[in-house]
Amino acid sequence: MTDARLRYGRASLALSFLAQGVTFALLVTRIPAIQDRYGISDGLLPVFLAAVPVLAGVASVVTEKVVARVRPGVVLRWAQPVVMVALLGVGAGTEVWQVALALGVFGLAVGALDASMNMMGVSLQRAYGRSIMLGFHAAYSLGGIAGASMAWAGAHWHLSLLASYLPAVFVLLPAVLIGSRWYAEGRTAGDVVAPGRAQAASVPFRLLLPLCLVMAFAYIGDSTVSNWSAKYLQDVLGGSEQLATVPYNVYMVTTLLGRAVGDLGVRRFGAVAVVRGGSVLAAVGFGVVAVAPGAWWGMLGFTLLGLGLCVIVPQTFAAAGRMFPGASDVAVARLNVFNYVGFLVGSPLVGALGDAWSYRGAMLVPMVLVLATLLYARSFGAEPARYGGGHERARAADVG
């Protein structure tokens, strides 16, 4: 693969990450409006919200099987438009069954999309021979900020859900379809010839388990911020309703900044050091939030959280790719499931502990879990696993 082909592939994949950040943020930040539009009760809402990551996890497992027959770029090329059309379906329906169907399609498509995007990111990083994975996730964070801003504008101007979603889809859908022409990846010679069954057998779960736990811990921390930061700042730390909207935005901005420079840190200090530093910083952030005497100290804690957590997930995917260079697609698909496990566990766990004990105490649980990443940090510098007679040297190849 030529250097130009790699650059185009990297740019087109970054566009896909950015578009997915916009799309996902438009969905999750308008959940109250979705609930009002369809008359979904408070008791039924958690079922709808849980269904999306559950179906996404199922789709991630299925994607592992699909990429044994077609390249991840093909999966991504079809999954991303389906995600966007499903988003429009969420905004266009009038009956509960219609939004349930749209969210179900969204969940299945987003699982395939997340898995295939990260598979391609891992393989492109291997082709480049240096850390670029954090840059892709920085594009996702930038998209999330843009999507949240669009959602705020839609709510501010009292636009319907469909009117809020249409402009983004109108711009992004053609862009990603055109950009998909330049999808590319770096894959090993073993990837080209190994059948799916052999690849699956070459990813022992016991070797992948430390990274799976780190992924779940990181998303427990992330979902805690996403779902509880506003309530915590207002109800526990005495912040105003307006100030309570700020922590998540601060978290997203610091996540973007951390990921924007994170690849440089990995190249200079190594993945193990960056993950250890991020884990400690995130744990300190949770500790500051837990003991904060007021809202502004809480804001400082959420700022530290963004800077710390942001490096962990991209480096976990990258570590899986390094550990299983001949079966990185399978490893990434399996690892991606724990993204949704952490998302499903985090918010209910903090809520239950907050109600039964205290929300300050509840913040210590994700703190301990994120800190536990230190126990597994060595996995981020592991040598490629030996399987099937050894591993091949990486070489660049087109998606086709």
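In this predicted model, Arg334 and Glu64 bring their side chains together in a salt bridge, with 3.1 Å from N to O. Arg334 belongs to helix H15 (residues 328-356) and Glu64 to helix H3, so this pair ties together parts that are 270 residues apart in sequence.

Helix H15 has another link to look at. Asp329 pairs up with Arg71 in a salt bridge whose closest N and O atoms are 3.4 Å apart. Asp329 is in helix H15 and Arg71 is in the loop between H3 and helix H4 (72-92), so here the tie is between parts 258 residues apart in sequence. Both Asp329 and Arg71 are buried.

Asp235 and Lys231 are joined by a salt bridge, 3.0 Å between the closest N and O atoms. They both lie in helix H10 (residues 205-236), four residues apart, which is about one turn of the helix. Lys231 is partly exposed, with 35% relative accessibility. Some salt bridges also share partners, and that joins Glu64, Lys65 and Arg334 into one network. Over the whole structure, the search turns up four salt bridges.

Back to helix H3, this time for its surface. Val54, Val58, Val62, Val66, Val70 and Leu108 make up a nonpolar patch there on the surface of the protein, with about 410 Å² of accessible area together. Helix H3 (residues 45-66) gives the largest share of the patch, four residues. Leu108 comes from helix H5 and is partly exposed, at 39% relative accessible area.

Helix H5 also holds Gln98, which is partly exposed with a relative accessible area of 24%. Follow the chain and Gln98 is 60 residues away from Tyr38, yet their C-alpha atoms are separated by 9.3 Å.

Helix H5 (96-128) takes us to the second largest pocket too: along with helix H11 (246-269) and helix H14 (312-323), it supplies at least two residues of the lining. This pocket holds about 310 Å³ of space. Its lining has 13 residues, and Gln125, Arg126, Gly129, Arg130 and Arg322 are the ones nearest the centre.

Terms used. Residues are numbered from 1 along each chain as its sequence is written. This is a predicted model: local features need pLDDT of at least 70, side-chain atom pairs count only at pLDDT 80 or more; totals for chains, interfaces and linings use all residues. Side-chain values use heavy atoms; hydrogens and water are left out. On a 1 Å grid over the protein atoms alone, a cavity is a set of points where a 1.4 Å probe fits but cannot get out, and a pocket is an open set with protein on both sides within 12 Å along at least five of seven lines; lining residues have an atom within 4 Å of a point. Grid points are joined across faces, edges and corners, and a volume is the space filled by probe spheres set on the points. Patches are made of residues with over 30% relative accessible area and no salt bridge: like charges are joined within 9 Å, nonpolar side chains (Val, Leu, Ile, Met, Phe, Trp, Tyr) within 5 Å. Accessible areas come from the Shrake-Rupley method with a 1.4 Å probe; for residues, only the protein chains shown count as cover. Buried means under 20% relative accessible area, exposed over 50%, partly exposed in between (1.4 Å probe, protein chains only).
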